[in-house]
Amino acid sequence: MKKHRNRRGATAVEFALVAPIVFLVVLGLVEWARFEMVRQVTSTATFNGARAGALMGATDVDVETKVNNILDVYFVNNATTTTTFSDSKVTVNVKVPVGPNSFLLTRFFGQATLEREFEIMLEN
C-alpha cells in the first residue's frame, strides 16, 4: 500500500506561480487591443477630416471639428490636427500621443505619438 502525501496548499502555490503570468498576458492583450483601436480610429478620423476639408469652402476649423468628433466617440484624447490647403488638394495630419490614450501603461509609452496623414483632391 502506498501512502498518499499531504498535498494541501499545492494548489495555492501553483496558483501563486501561474497567476501573475496569466494576468500579465491578459493585460498585455487588452493594452494591445486598445492601441490597435486608437490606431484605426486615428486613420479613420484623418480620412474623414480630409474629406470634410475637400468640400468647397471648407476651413481648417471644419476639418478639426470632424476629426475631433470622431476621436471623441472612442475617448481618444489630446490629438493635434494640422490642415494644409494647396491649389488642388488638402492634406490632413493627425498626431495622437500614445501615453494618455493607454489604459494601463501610460508611463511606459512616454512621449510616443501615433501619426496619420491623408491627402485628397479638392472639390471643384
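About 80 Å³ of space lies in the largest cavity of this predicted model, and a search of the whole structure finds one cavity of 30 Å³ or more. A cavity here is a set of points, on a 1 Å grid over the protein atoms alone, where a 1.4 Å probe fits but cannot get out, and lining residues have an atom within 4 Å of a point. The volume is the space filled by probe spheres set on the points, which are joined across faces, edges and corners.

**The cavity lining**
- Eleven residues line the largest cavity, and Phe 35, Val 38, Val 98, Asn 101 and Ser 102 are those that lie nearest its centre.
- Helix H1 (10-54) and strand E2 (89-97) are the elements that give two or more residues to this lining, and H1 gives the most, with four residues. Helices (H or I, at least four residues) and strands (E, at least two) are DSSP runs, numbered from the N terminus.
- The lining divides into seven nonpolar, two polar and two charged residues, where Ala, Val, Leu, Ile, Met, Phe, Trp, Tyr, Cys and Pro count as nonpolar, Asp, Glu, Lys and Arg as charged, and the others, Gly among them, as polar.

**The sheet**
- Three strands form an open sheet in the order E1-E2-E3, with antiparallel pairing; two strands pair if DSSP finds at least two bridges between them.
- Strand E1 (80-85) and strand E3 (113-121) are the edge strands, each pairing on one side only.
- E1 and E2 pair over six bridges in the antiparallel sense, and they form a hairpin with three residues between them.
- Nine bridges join E2 to E3. Thr 91 has Glu 119 as its bridge partner in E3, while Thr 91 is also the bridge partner, in E2, of Thr 84.

**Helices against the sheet**
- H1 packs on the sheet and touches E1, E2 and E3, its direction making about 30° with that of E3; contact means heavy atoms within 4.5 Å.
- Helix H2 (residues 60-73) lies across E1 and E2 and runs at about 145° to E1. Axes are lines fitted to C-alpha atoms, for helices over the stretch in contact, and angles run from 0 to 180 degrees between N-to-C directions.

**The aromatic pair**
- The structure holds one aromatic pair, a term that requires ring centres of Phe, Tyr or Trp (its six-membered ring) within 6.5 Å, with planes under 30 degrees apart counted as stacked, over 60 as edge-to-face and the rest as tilted.
- The rings of Phe 47 and Phe 118 have centres 5.0 Å apart and planes at 85°, so the pair is edge-to-face.
- Because Phe 47 lies in helix H1 and Phe 118 in strand E3, the pair ties together parts that are 71 residues apart in sequence.

**Basis of the values**
- Residues are numbered from 1 along each chain as its sequence is written, and side-chain values use heavy atoms, with hydrogens and water left out.
- In this predicted model, local features need pLDDT of at least 70 and side-chain atom pairs count only at pLDDT 80 or more, whereas totals for chains, interfaces and linings use all residues.

Note on methods: On a 1 Å grid over the protein atoms alone, a cavity is a set of points where a 1.4 Å probe fits but cannot get out, and a pocket is an open set with protein on both sides within 12 Å along at least five of seven lines; lining residues have an atom within 4 Å of a point.
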